[in-house]
Amino acid sequence: AQTSGVLIQEKVSRLISKQNRKPVLKPNRPLTLRDAVANRKLKKGEATCVTEMSVLMACWKLNNFVDGLCSQEMESFYTCVDKAQSSMKNKSDQNILQGGRLPPKHATSLLKRYPNQTCEI
């Protein structure tokens, strides 16, 4: 049974070339963390208000796209959208407060406040 120190030493010795005693792998960028995060949008959830939207479109088709004849369907669709937006906002606020995944803008602002040290100690 080998200890973990011996295993690590074997892995390091495999990465070092036999002739020059220099690392075989040469990084093309410095091996430091960046002070920013890629600004990717978080994945959207499932679609909401699809049934209300389809009912509204069916009403428009039946009434030659006259808004006045489909006011009840439009109202139900807009109330559904308002409810969905408020629930999404509440859910995103809870994710930040509960220690979930940080949005990219928030993570970048924190990283810029505490930048990475570029010089070696």
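**View 1. Phenylalanine 65 is exposed, at a relative accessible area of 61%.** Exposed means over 50% relative accessible area, buried under 20%, and partly exposed in between (1.4 Å probe, protein chains only). The model is predicted: local features need pLDDT of at least 70, side-chain atom pairs count only at pLDDT 80 or more, and totals for chains, interfaces and linings use all residues. Residues are numbered from 1 along each chain as its sequence is written, and side-chain values use heavy atoms, with hydrogens and water left out. Phenylalanine 65 sits in the loop between H2 and H3. Its phi is near 60°, a positive value in a residue other than glycine. Most residues other than glycine have a negative phi. Asparagine 64 also belongs to the loop between H2 and H3. Its phi is positive too, at about 55°, although asparagine 64 is not a glycine. Asparagine 64 is exposed, with a relative accessible area of 64%.

View 2. Helices (H or I, at least four residues) and strands (E, at least two) are DSSP runs, numbered from the N terminus. Read from the N terminus on, the order is α-α-α-α. Of the 121 residues in the chain, 9% are buried. The chain exposes about 11500 Å², and carbon and sulfur atoms supply 57% of that area. Accessible areas come from the Shrake-Rupley method with a 1.4 Å probe; for residues, only the protein chains shown count as cover. Among contacts with a separation of 6 or more, 52% join residues 24 or more positions apart. A contact means heavy atoms within 4.5 Å.

**View 3. Eight residues form the largest nonpolar core.** They are Cys49, Leu56, Cys59, Cys70, Met74, Phe77, Cys80 and Ala84. Two elements, helix H2 (50–62) and helix H3 (71–97), each give two or more residues to this core. H3 provides the largest share, four residues. A nonpolar core is a set of buried Ala, Val, Leu, Ile, Met, Phe, Trp, Tyr and Cys residues joined through side-chain atoms within 4.5 Å. Which residues does cysteine 80 touch, not counting those up to four places away in sequence? They are Cys49 and Glu52.

**View 4. The structure holds one aromatic pair.** The rings of phenylalanine 77 and tyrosine 78 have centres 5.7 Å apart and planes at 50°, so the pair is tilted. Rings of Phe, Tyr and Trp (its six-membered ring) pair if their centres lie within 6.5 Å; planes under 30 degrees apart count as stacked, over 60 as edge-to-face and the rest as tilted. Phenylalanine 77 is buried, with a relative accessible area of 16%. Tyrosine 78 is partly exposed, at 47% relative accessibility. Tyrosine 78 lies in helix H3. From C-alpha to C-alpha, tyrosine 78 and methionine 53 are 9.2 Å apart in space, and 25 residues apart in sequence.

**View 5. Helix H4 (residues 104–113) has Pro104, Ala107 and Thr108 buried.** Seen down the axis of H4, its buried residues fall within an arc of 100°, so they line one face of the helix. The arc is that of the directions from the helix axis to the C-beta atoms. Lys105 and Arg113 are exposed on the other side of H4.
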